[in-house]
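Q: Hi! Could you walk me through this structure in plain words?

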Amino acid sequence: MTDLATHPPRGLGDRLTDIFWRRPNLLLLLLLAPPLLWLGVVYLGSLFALLLQSFYSIDEFSGLVVHEFTLKTYLELLRPSNFDVILRTVAMAAAVTVGCVIIAFPIAYYAARYARGKWKAAFYLGAMLPLWSSYLVKVYAWKLILAKEGIITWAAEGIGASAILNAILAIPVIGGNSLSTSYIGTWIVFVYVWIPYMILPMQASLERVPVSMLEASSDLGASAGQTLRSVILPLALPGVIAGSIFTFSLTLGDYIIPQIVGTSRLFIGQAVYTLQGTAGNIPLAAAFAVVPIVVMLVYLAVAKRLGAFDAL
Amino acid sequence: MTSAVEFRGVSRHFGSVRAVDGVNLSIAEGSFFAMLGPSGSGKTTCLRLISGFEAPTSGEIRIFGENSGNVPPNRRNVNTVFQDYALFPHMNVRDNVAYGLMVRGVDKRSRHARADEMLALVKLDAYGDRKPGQLSGGQRQRVALARALVNEPKVLLLDEPLGALDLKLREAMQDELKALQRRLGITFVFVTHDQGEALSMADQVAVFANGKVAQVGSPAEIYERPATRFVADFVGSSNVLPPEVSRRFGGPDAWSSLRPEQVRLVTSGGVAAVAGTARYLGAGTRLIAHLDGLADGEVSLILPPGVAAPAPGTAIALEAMPGAIHAMAGTA
């Protein structure tokens with residue numbers, strides 16, 4: 001034992017600890033530098049390159065990219081054939097989001113309010129399970145399920161519900177020859193594939209609503225419906241918005257599901273895929289790729305203005 | 001006169017747990033009624049039975065004479081101030097207070113006017129536009145109070161209303177609640193585990209133990225004449241005297257209670273004892289005395305301010321004030 005109240009550093013570990021203790025920000029910097037570099041250079045860098053490409057245009061005769069800034073490519077997005085692709089994709093993303101909200105809510109509510117112990121574990125497993133298998137496998141499985149010769153048609157015949165199925169398929173625009181070649185089919189598969197991303201944040205936000213708040217609402221005279229509208233939904237809104245960011249943006253960018261299930265009309269993702277590949281029109285592909293980003297920014301701005309984040 | 005709330009043989013069992021077990025109670029209209037007891041004694045369940053968040057397993061709860069067993073909380077003219085206040089975080093203070101009117105379909109202008117009146121009543125006029133998150137604990141408590149009163153309930157229930165406040169604020173709120181209750185004339189029923197709070201605020205106190213009511217009475221009755229040993233122990237810090245000790249002090253030949261402040265030191269006569277440890281309390285000194293020749297003859301007494309505590313081990317003599325010893329039911 002020495003008489004000193006402190007002892008000199010023993011080795012490298014102590015010396016490093018000394019440095020970090022004196023400069024706590026240094027440790028933070030070391031921890032954040034790698035992810036920030038990744039995000040800054042690789043992600044934002046490529047996003048910037050994309051943005052840059054979208055301001056170039058393509059020479060109609062030579063098919064070469066003209067490296068001069070112009071808004072010509074963006075104007076091209078407004079051409080009916082291109083604009084239809086945008087409208088179709090945004091409408092599908094919105095429909096998928098609404099479908100996910102409606103289906104996810106009761107599940108999330110049950111999990112947040114009633115599930116305990118092993119039922120809670122079963123819920124997490126059930127919500128996550130679809131994410132474990134390959135995306136392509138799930139989509140192809142759905143193609144078979146929805147096909148004209150598939151289990152749904154067969155089951156509908158079996159229980160004598162063919163008329164209902166045919167009536168649904170007869171709806172103009174969203175109907176079609178069979179579920180697997182209609183927008184309804186595309187929508188079903190999108191909802192199935194993205195719903196875990198809606199359930200989990202929704203459940204997290206519902207879990208933070210204390211029971212006493214629901215009791216207070218009832219105590220003050222609110223019916224169950226009024227409590228749902230005035231207390232539960234507003235408080236669950238941040239979770240719904242978080243979930244919708246996933247379902248909305250994932251649908252906006254997907255190019256595989258609409259290619260396998262649905263009509264052969266293009267969605268934004270497919271347009272980008274074709275334009276940058278076979279067509280070799282990188283500027284237009286880039287301009288198309290900017291669309292989902294702009295749509296998401298507008299969506300979030302509107303959500304913020306409507307007070308969706310007030311309960312955060 | 002009909003009672004504001006009446007419990008007739010009410011029980012509430014959760015599986016094998018008897019949270020409330022055969023309670024009979026009658027709460028007079030316009031009274032300030034306290035349900036006092038340790039946690040798990042059934043007092044909060046009783047409150048929830050009145051508000052309708054729990055239904056009795058057996059028995060009947062009558063609110064102003066009406067059997068309300070099958071009426072859900074939203075159709076009872078009873079409002080609650082929740083322990084955690086349960087203010088809606090996404091609404092401002094005014095909308096929180098106006099909530100009860102909003103769900104009843106009162107138009108915006110009148111319900112806001114009424115909410116502002118209620119806020120004035122609890123002295124928060126200037127806070128209508130704030131969010132609950134921007135208020136202090138005491139202010140939130142007042143908002144919860146205003147929100148519960150806006151519907152003009154026939155009975156106001158308060159679940160540990162002052163539990164989350166610091167001591168000073170708690171005392172101020174005690175006076176304020178009491179004054180408010182007198183002014184409005186509404187029956188207040190509040191649950192607390194703090195005997196000081198129950199005794200100082202209530203007109204009537206029910207002491208709960210293990211799902212049953214151990215004693216009901218005015219604060220003075222509860223404090224001075226505890227019916228059972230549990231009440232004597234729980235309310236304040238009474239001396240519980242075994243029969244032989246009671247006899248020495250000239251009391252009955254039964255288990256009895258004796259308040260420490262009703263015991264004094266005397267210079268001649270009295271019961272012989274030896275001074276034990278002393279604890280300075282500010283408003284007096286608590287002294288533990290051991291009676292001569294008895295293993296469990298420990299008595300605590302409060303010496304008035306200015307009287308020095310005798311050194312431990314000194315021989316002293318004690319005397320109980322006349323009428324201070326009360327026999328209790330049951331015992332050991």
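**A chat about chains A and B**

A: Happy to, and let's begin with a hairpin: between strand 15 and strand 16 of chain B there are six residues, and B:G293 in that hairpin takes a positive phi near 70°. Helices and strands here are DSSP runs (H or I, at least four residues, for helices; E, at least two, for strands), numbered from the N terminus. Before we go on, this is a predicted model: local features need pLDDT of at least 70, side-chain atom pairs count only at pLDDT 80 or more, and totals for chains, interfaces and linings use all residues. Residues are numbered from 1 along each chain as its sequence is written, chains are lettered from A and ligands numbered from 1 in the order in which they are written, and side-chain values use heavy atoms, with hydrogens and water left out.

Q: How many bridges join strand 15 and strand 16 of chain B?
A: Six bridges join them, and the two strands (residues 285-291 and residues 298-303) run antiparallel. One pair to find is B:H290 with its bridge partner B:E298 in strand 16. Two strands are said to pair if DSSP finds at least two bridges between them.

Q: What holds paired strands together, in general?
A: Strands of a sheet pair through backbone hydrogen bonds, either parallel or antiparallel.

Q: Which strands does strand 17 of chain B pair with?
A: Strand 13 (residues 263-266) pairs with strand 17 (residues 315-320) in the antiparallel sense, over four bridges. Look for B:L265, whose bridge partner in strand 17 is B:L318. Strand 14 (residues 271-280) of chain B also pairs with strand 17 in the antiparallel sense over four bridges, and there B:V274 has B:A315 as its bridge partner.

Q: In what order do the three strands of the open sheet in chain B come?
A: The order is 11-12-18, with antiparallel pairing. Strand 11 (239-241) and strand 18 (326-327) are the edge strands, each pairing on one side only. Strand 11 meets strand 12 (residues 256-258) over three bridges, and B:V240 has B:S257 as its bridge partner in strand 12.

Q: Now chain A. Where is A:V209?
A: A:V209 lies in the loop between helix 9 (183-207) and helix 10 (211-219). A:V209 counts as buried because its relative accessibility is 4%. Not counting residues up to four places away in sequence, A:V209 touches A:R113, A:L214 and A:L235.

Q: What does A:Y109 touch?
A: Leaving aside neighbours within four places in sequence, A:Y109 is in contact with A:Y114, A:L206, A:L214 and A:I232. A:Y109 is found in helix 4 of chain A and is buried, with a relative accessible area of 19%.

Q: Which residues of helix 13 of chain A are buried?
A: In helix 13 (residues 268-276), they are A:I268, A:G269, A:Q270, A:A271 and A:L275. What covers them includes helix 4 (80-113), helix 11 (224-253), helix 12 (257-260) and helix 14 (282-305) of chain A.

Key: Buried means under 20% relative accessible area, exposed over 50%, partly exposed in between (1.4 Å probe, protein chains only). Contact means heavy atoms within 4.5 Å.
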